[in-house]
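Have the structure open as you read.

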Amino acid sequence: MKIAFIGLGNMGGGMAANLVKAGHDVQAFDLSEEALARAGENGCATFSTVPEAVAGVDAVVTMLPNGGIVKSVYTSDVFSRAPAGALFLDCSTIDVDTAREVEKLAREAGYEMVDAPVSGGIAAANGGTLTFMVGGTEAAFAKAQTVLEPMAKKVIHAGAIGAGQVAKMCNNMLLAIHMIGTCEALKLAEKAGLDPQMFYEISSNATGYNWSLNDYTPAAGVGVTSPADNDYAGGFASALMLKDLRLAMQGAESAGATVPMGEHAMKIYEAFCEAGGGGKDFGAIFTTL
Ligand code: NAD
């Protein structure tokens with residue numbers, strides 16, 4: 001297939017390279033010359049404008065920073081420039097309302113579109129082991145699978161358009177909440193006189209078990225190896241968690257849902273980022289307790 005890839009940053013760079021490895025012709029565009037040059041080294045054909053990159057393609061994949069940029073790229077440069085019948089896949093993490101709005105505009109312009117945000121970080125993007133949660137019609141999902149599979153460990157059809165972004169925001173809100181809870185429990189155990197490793201061994205086999213505790217233990221030297229053992233370098237940056245929590249709060253407001261724990265988690269990450277912790281792994285909340 002001929003696939004346009006727009007947004008070749010930390011995530012998109014590796015994803016586009018995996019499409020090339022799978023034998024697709026990838027036509028790349030990014031505002032950053034550096035990112036574009038790296039895509040060229042990875043076997044993508046590089047273009048200096050979006051209309052050139054989307055010419056003659058079967059699909060357009062976007063991996064961009066936010067909803068405003070996604071909307072502007074599609075409306076100003078992709079619609080009407082991509083061939084009739086091209087499928088659009090937005091893999092960025094954006095707000096649900098914008099995802100639905102851009103799909104509606106795509107449909108009105110005669111195109112099929114899916115939202116396909118990912119779970120998994122830069123290592124999974126490079127390794128082709130992302131989990132995609134896809135929102136769109138059955139027909140669009142069937143076509144999207146072929147494009148997404150070389151970049152994926154798993155491709156899940158979440159439901160109608162926007163459902164991928166809903167899944168992503170709910171998952172990451174839950175992740176933030178159980179990460180903070182795990183940090184608090186580990187610290188409380190320690191302060192109250194229980195060896196945190198003993199707490200880990202008990203709780204990871206009891207009703208407190210959860211991914212943050214069992215698979216990503218946020219205290220150095222306790223439980224499994226995680227970014228905590230590397231001074232919280234690498235991993236999933238707190239600034240990205242804050243972005244996702246803000247999207248979840250926006251989504252909750254739009255849906256009329258009450259999310260007091262999510263809201264509190266957002267405030268905790270906001271304070272941590274304002275204090276300079278944005279680049280640290282999100283488990284570093286442990287160090288603030
Ligand atoms: P990034 O900032 O590294 O990459 C974004 C790229 O988009 C940059 O290369 C930038 O130059 C380019 N760009 C910006 N505006 C553009 C435009 N108008 N036209 C063309 N290119 C443009 O970000 P990233 O970490 O790769 O994240 C991309 C998306 O993936 C975000 O929505 C993020 O929330 C999501 N995400 C990131 C991670 C992660 O661990 N980094 C994990 C899951 C999801």
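Start at Leu 64: a polar atom of its backbone lies 2.8 Å from an oxygen atom of the ligand, which makes a polar contact (a pair of N or O atoms within 3.5 Å). The protein covers 83% of the 830 Å² of accessible area that the ligand has on its own, going by the Shrake-Rupley method with a 1.4 Å probe.

A quick word on the model: it is predicted, so local features need pLDDT of at least 70, side-chain atom pairs count only at pLDDT 80 or more, and totals for chains, interfaces and linings use all residues. Residues are numbered from 1 along each chain as its sequence is written, and side-chain values use heavy atoms, with hydrogens and water left out.

Now look at the whole shell. It has 23 residues, with Asn 10, Met 11, Asp 30, Leu 64 and Lys 243 the closest; to count, a residue needs a heavy atom within 4 Å of the ligand. Domain 1 (2–160) and domain 2 (166–288) both contribute to this shell, so the ligand lies between them; the bounds come from an automatic or database domain assignment.

Conventions: Polar contact = N/O pair within 3.5 Å; in protein donor to acceptor, adjacent residues only side chain to side chain.
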